[in-house]
Amino acid sequence: MSITILKSVHMDFISKREKKSNIVISGFVPSDQCDDKTMAYNLLNKHYDISDDSILSCKRLGKVIPNKIQPLLVSISDESTAQHILDGAKLLRRSPYEEVRNKVFINPDLTKTEALALYELRQKRRIAAHNQQLQ
């Protein structure tokens with residue numbers, strides 16, 4: 001195996017370990033009333049009973065594009081709390097708040113390799129489902 005491949009695998013492993021305590025919140029509209037960290041705390045506290053000191057930092061991902069909501073990267077103080085949030089992410093579909101129920105999604109912070117692998121898997125599933133409908 002070449003040194004370049006080993007180095008790439010090692011860097012991916014380190015990146016994956018660092019991302020275990022992060023979550024990505026999509027569809028979360030920025031507010032002029034309060035900052036992203038306060039909004040994330042309010043959401044997570046209402047739905048998962050998370051304390052304020054559990055959230056270390058928040059930042060918007062990607063370029064600012066008009067009429068597009070940037071995902072919010074939230075760093076959580078420990079992996080178990082982040083996993084607790086991810087395990088209950090589907091509970092947002094039953095939120096009493098319509099905006100959260102219909103537009104907000106919580107996902108793990110994936111490496112580029114993981115994101116690509118999951119994208120390819122979704123594509124295969126869609127093609128298989130489409131082929132199944134044609135038969």
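The model is predicted, so local features are taken only where pLDDT is at least 70, side-chain atom pairs count only at pLDDT 80 or more, and totals for chains, interfaces and linings use all residues. Residues are numbered from 1 along each chain as its sequence is written, and side-chain values use heavy atoms, with hydrogens and water left out.

**The whole chain**

Begin with the chain in cartoon view, where 5 helices and 4 strands can be picked out; helices (H or I, at least four residues) and strands (E, at least two) are DSSP runs, numbered from the N terminus. Read from the N terminus on, the elements follow the order α-β-α-β-β-α-α-β-α. The C-alpha trace spans about 50 × 45 × 30 Å along its principal axes. With a surface shown, the chain exposes about 9,800 Å², of which carbon and sulfur atoms supply 55%; accessible areas come from the Shrake-Rupley method with a 1.4 Å probe, and for residues only the protein chains shown count as cover. Of the 135 residues in the chain, 27% are buried, where buried means under 20% relative accessible area, exposed over 50%, and partly exposed in between (1.4 Å probe, protein chains only). Among contacts (heavy atoms within 4.5 Å) in the chain between residues at least 6 apart in sequence, 57% join residues at least 24 apart.

**The nonpolar core**

Next select Ile 23, Ile 25, Leu 44 and Ile 106, the residues with the most contacts inside the largest nonpolar core, which has 21 residues. The elements that give two or more residues to this core are strand 1 (22-26), helix 2 (36-48), strand 3 (72-76) and helix 3 (79-87), and the largest share, 5 residues, comes from helix 2. A nonpolar core is here a set of buried Ala, Val, Leu, Ile, Met, Phe, Trp, Tyr and Cys residues joined through side-chain atoms within 4.5 Å. In soluble globular proteins, nonpolar side chains tend to be buried together.

Stay on helix 2 and centre the view on Leu 44, which counts as buried at 0% relative accessibility. Residues up to four places away in sequence aside, Leu 44 touches Ile 23, Asp 49, Ile 50, Ile 55, Ile 76, Ile 85 and Ile 106. A C-alpha to C-alpha distance drawn from Leu 44 to Leu 86 comes to 11 Å, for a separation of 42 residues in sequence.

Leu 43 is also in helix 2, and it counts as buried at 4% relative accessibility. Its contacts, again not counting residues up to four places away in sequence, are with Ile 25, Phe 28, Leu 92, Val 100, Val 104 and Ile 106. Leu 43 and Leu 116 are 73 residues apart in sequence and 28 Å apart in space, C-alpha to C-alpha.

**A buried arginine**

Now move to Arg 60 in strand 2 (residues 55-60), which is buried, with a relative accessible area of 18%. Show its side chain together with that of Asp 36, since the two make a polar contact at 3.0 Å; a polar contact is a pair of N or O atoms within 3.5 Å, and within protein one must be able to donate a hydrogen and the other to accept it, while residues adjacent in sequence count only if both atoms are side-chain atoms. A polar atom of the Arg 60 side chain also lies 2.9 Å from the backbone oxygen of Phe 28. Leaving aside neighbours within four places in sequence, Arg 60 is in contact with residues including Val 29, Pro 30, Ile 69, Gln 70, Pro 71 and Leu 72.

**A charge over a ring**

Select Arg 93 and Phe 105: the charged end of Arg 93 sits over the ring of Phe 105, 4.3 Å from its centre. The rule requires NZ of Lys or CZ of Arg within 6 Å of the ring centre and within 35 degrees of the ring normal.

Which loop holds Asp 49? Asp 49 is found in the loop between helix 2 and strand 2, where it is exposed, with a relative accessible area of 66%, and its phi is near 55 degrees, a positive value in a residue other than glycine. Asn 67, in the loop between strand 2 and strand 3, has a positive phi of about 65 degrees although it is not a glycine, and is exposed, with a relative accessible area of 87%. Most residues other than glycine have a negative phi.

Finish at Lys 112 in helix 5 (residues 112-134), which counts as exposed at 78% relative accessibility. Lys 112 and Met 39 are 73 residues apart in sequence and 27 Å apart in space, C-alpha to C-alpha.
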